[in-house]
Amino acid sequence: VMSVDVRHHSKLEDWFLCEEKNTGLTPWGLVTAAGIYGPIGSFLENSWEHWKDGMDINLYGSALACSIFSKMLVGKKSPGRIVLMSGGGATQPLPRFTSYCASKAAVVRFGETLALELKEYGITVNSIAPGAVNTKLTEELIEAGPEKAGKEMYDKALRQREEGGANPEKSGDLAVYLMSEQGAKVTGRLISAIWDPWSSLHTLGEAFEKSDIYTLRRIVPQDRTK
């Protein structure tokens, strides 16, 4: 087990090289799971430096890891899998969590775009929405209190902690699926570990591969029969 600061290129690159040397294995799969909320509270009251931390870790850290990893794969002419951890902030506005929402939405669109670029190399890129899992972030939200987090989010976090939250093993199982040979047919998607029928995505065929299902898209009036 080794810890590394995902914000620093040289440290992250050294970690990849060390893992490759120690295992003697060809790189195959990468899961980017480092993430923070950033400042909790009104954007007007946020520290700018603290606000940027959300981007530095959630977005830039993920992109930097993908850059180093994908270059290693392409250099070896090896296929592979990349899984990015998304979150609720990617698909809905959460007042008082602007850094988190902005960075997580950016992660998903980055993943969609990178998937198109890496497809010719046999490298898939997908994002996972793990659901409301009880983590250190849950405790940070509760510690922030209703004044900063907002009463609705605070009460929701309390219920989540009490009820146990989403099962983290489902995210792990989804990551394993996306790393598998079956998962080779799935790329450029944002998939909910909790709600989506992901175990059968590889059976949906060409129609699914050409669709925009499980992606971030703008909703136009026709989509709502207007």
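Analyst: Lys151 and Asp155 both belong to helix H5, where four residues, about one turn of the helix, separate them. Helices here are DSSP runs of H or I with at least four residues, strands are runs of E with at least two, and both are numbered from the N terminus. The model is predicted: local features need pLDDT of at least 70, side-chain atom pairs count only at pLDDT 80 or more, and totals for chains, interfaces and linings use all residues. Residues are numbered from 1 along each chain as its sequence is written, and side-chain values use heavy atoms, with hydrogens and water left out.

The side chains of Lys151 and Asp155 form a salt bridge at 2.6 Å, N to O. The term means a side-chain nitrogen of Lys or Arg within 4 Å of a carboxyl oxygen of Asp or Glu. Lys151 is exposed at 59% relative accessibility, whereas Asp155 is partly exposed at 23%. Buried stands for under 20% relative accessible area, exposed for over 50%, and partly exposed for values in between (1.4 Å probe, protein chains only).

By this rule there are eight salt bridges. One of them joins Glu112 and Arg217 at 2.8 Å, N to O. This pair links distant parts of the chain, with Glu112 in helix H3 and Arg217 in the segment after H7, 105 residues apart. Glu112 is buried at 8% relative accessibility, while Arg217 is partly exposed at 47%. Another salt bridge, between Glu206 and Lys210, has an N to O distance of 2.6 Å. Lys210 is exposed at 67% relative accessibility. Through shared partners, salt bridges join Arg109, Glu112 and Arg217 into one network.

Helix H5 also gives the largest share of the lining of the largest pocket, four residues. A pocket is an open set of points on a 1 Å grid over the protein atoms alone, where a 1.4 Å probe fits, with protein on both sides within 12 Å along at least five of seven lines; lining residues have an atom within 4 Å of a point. The largest pocket is lined by 40 residues, with Gly87, Gly88, Tyr100, Pro130 and Gly131 nearest its centre.

Helix H3 gives the most to the lining of the second largest pocket, five residues. That pocket is lined by 21 residues, and Leu116, Lys119, Thr187, Gly188 and Glu209 lie nearest its centre. H3, strand S3 (123–129) and helix H7 (205–209) each supply at least two residues of this lining.
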